[in-house]
Amino acid sequence: MDLAGKKIVLGLTGGVACYKAAMLARELGRAGATVQVVMTQAATQFITTVTMQALTGNTVYTDQWDARIANNMPHIDLTRDADAIVIVPCSTDFMSKLAHGACDDLLSTLCIARPARVPLMVAPAMNVEMWQNPATQRNARQLRQDGILLLGPDAGAQACGEMGEGRMLEPAQLMEDIIAAFQPKLLAGRRVLLTAGPTFEPIDPVRGITNLSSGKMGYALARAAREAGADVMLVSGPTALEVPHGVQRIDVQTAQQMHDAVMANVAGQDLFVAVAAVADWRVANASTQKLKKNADGGAPQLQFTQNPDILAEVAALPRCPYCVGFAAESENLAQYGAAKRAKKNIPLLVGNLGPQTFGRDDNTLMLFDEQGHTSLPHADKLTLARQLVREIARRMAA
Ligand code: C5P
């Protein structure tokens with residue numbers, strides 16, 4: 001539960017994206033947060049207080065003169081024990097109010113009255129022209145300058161029928177951003193390149209050789225690095241996984257393509273983490289046409305050639321980033337792990353205790369560095385990824 005014990009004040013302003021705020025409220029609750037909803041009058045035109053109250057189990061406030069609060073100071077009372085205020089959706093008008101310090105209703109007053117330690121995040125949701133209007137852009141810059149975190153907006157189809165920037169992020173993306181806001185920024189300003197997933201080596205146009213890597217560990221690490229404040233690029237073999245929000249993904253199939261994508265992007269990276277299960281060999285005599293079954297029962301004779309070792313090549317670059325490798329071994333991990341780290345000439349190698357981790361949501365890791373080895377005990381892959389980011393950041397700083 002990523003938000004266990006956190007109190008989130010969820011502010012709704014006027015916009016059709018209010019329906020997504022209902023789903024977000026539910027997700028925040030599922031992640032362990034207590035959700036206190038405050039709505040503007042305009043928001044109540046789009047979704048009712050009853051819906052938000054039923055979803056959160058807490059009284060919804062809309063009015064600064066609400067007599068239910070004994071001292072009549074809801075703007076103070078509702079924020080003093082808050083861990084964050086999140087405005088979803090944030091209208092053009094509300095952005096303007098925040099940028100200028102206006103406070104003529106409960107939600108805007110509460111934002112101004114929040115203690116400095118309480119982060120304020122806003123998810124803009126508006127028509128493309130409204131978003132691109134110079135006044136809105138000026139307000140967006142002002143909000144950023146004031147330390148307010150803008151979540152999105154995204155670009156795409158809009159409720160009004162137009163297309164473009166201004167569309168609110170989806171609840172799942174907002175969740176990733178809100179959870180990220182609570183993670184320590186151990187890789188702030190760092191550029192991180194990762195590989196993840198399996199590779200696929202064609203035999204003919206419809207067949208190929210691959211492996212059981214799901215990409216889950218690499219994707220979790222990409223997410224954890226982004227949560228830690230890094231600028232993250234993920235070179236991914238074929239997987240069915242959603243790219244973590246805010247991570248730039250380059251899709252590849254073969255080891256050679258993965259190699260080429262890494263080499264084209266490695267300059268200027270601070271950290272390279274090779275999580276992908278790269279095929280050691282490819283089919284040298286792959287057919288450009290689909291192979292046909294022989295009438296005489298004979299099988300195709302495949303010949304193999306070795307793929308480039310991406311990690312070793314990056315580690316050998318004259319100005320190489322900090323390099324981290326992964327290894328999956330079925331036995332003698334402690335012995336093989338240390339040997340593999342030395343062979344690849346990298347400062348840190350992460351061992352999976354058994355290739356049976358492929359496809360699972362949990363894992364156990366062993367870390368090999370020049371001091372020896374330590375373990376990260378059994379946990380889900382995102383938890384391990386966050387711990388690993390901590391381990392990597394500490395070593396990079398040293
Ligand atoms: O040599 P081995 O495959 O056991 O090493 C595993 C590590 O090397 C992983 O980090 C993997 O991503 C990386 N690797 C690579 N290119 C290859 C083979 C492995 O980057 N061709």
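A backbone N or O atom of Pro-308 lies 2.8 Å from a nitrogen atom of the ligand, a polar contact in the sense of a pair of N or O atoms within 3.5 Å. The model is predicted, with local features requiring pLDDT of at least 70 and side-chain atom pairs pLDDT 80 or more, whereas totals for chains, interfaces and linings use all residues. Residues are numbered from 1 along each chain as its sequence is written, and side-chain values use heavy atoms, with hydrogens and water left out.

| Residue | Protein atom | Ligand atom | Distance |
|---|---|---|---|
| Ala-274 | backbone N or O | oxygen | 2.6 Å |
| Pro-308 | backbone N or O | nitrogen | 2.8 Å |
| Lys-344 | side-chain N or O | oxygen | 2.9 Å |

On its own the ligand has 450 Å² of accessible area, of which the protein covers 87%; such areas come from the Shrake-Rupley method with a 1.4 Å probe. The residues around the ligand, each with a heavy atom within 4 Å of it, include Ala-276, Val-278, Asp-280, Asp-309, Ile-310, Leu-311, Gly-325, Phe-326 and Lys-340.

The largest pocket contains about 990 Å³ of space. Its lining comprises 45 residues, and those closest to the pocket centre are Ala-276, Ala-277, Val-278, Asp-280 and Phe-326. By class, the lining of this pocket has 21 nonpolar, 15 polar and nine charged residues. Here Ala, Val, Leu, Ile, Met, Phe, Trp, Tyr, Cys and Pro count as nonpolar, Asp, Glu, Lys and Arg as charged, and the others, Gly among them, as polar.

On a 1 Å grid over the protein atoms alone, a pocket is an open set of points with protein on both sides within 12 Å along at least five of seven lines, a cavity is a set where a 1.4 Å probe fits but cannot get out, and lining residues have an atom within 4 Å of a point. Points are joined across faces, edges and corners, and a volume is the space filled by probe spheres set on them. The whole structure has one cavity of 30 Å³ or more. The largest cavity, with a volume of about 30 Å³, is lined by Leu-187, Val-192, Leu-194, Leu-221, Ala-225, Leu-271, Val-273, Val-389 and Ile-392.

Zero disulfides are present, a disulfide being a pair of cysteine sulfur atoms within 2.5 Å. The sulfur of Cys-18 is too far for a bond because its closest cysteine sulfur, in Cys-90, is 11 Å away.

Note on methods: A polar contact is a pair of N or O atoms within 3.5 Å; within protein, one must be able to donate a hydrogen and the other to accept it, and residues adjacent in sequence count only if both atoms are side-chain atoms.
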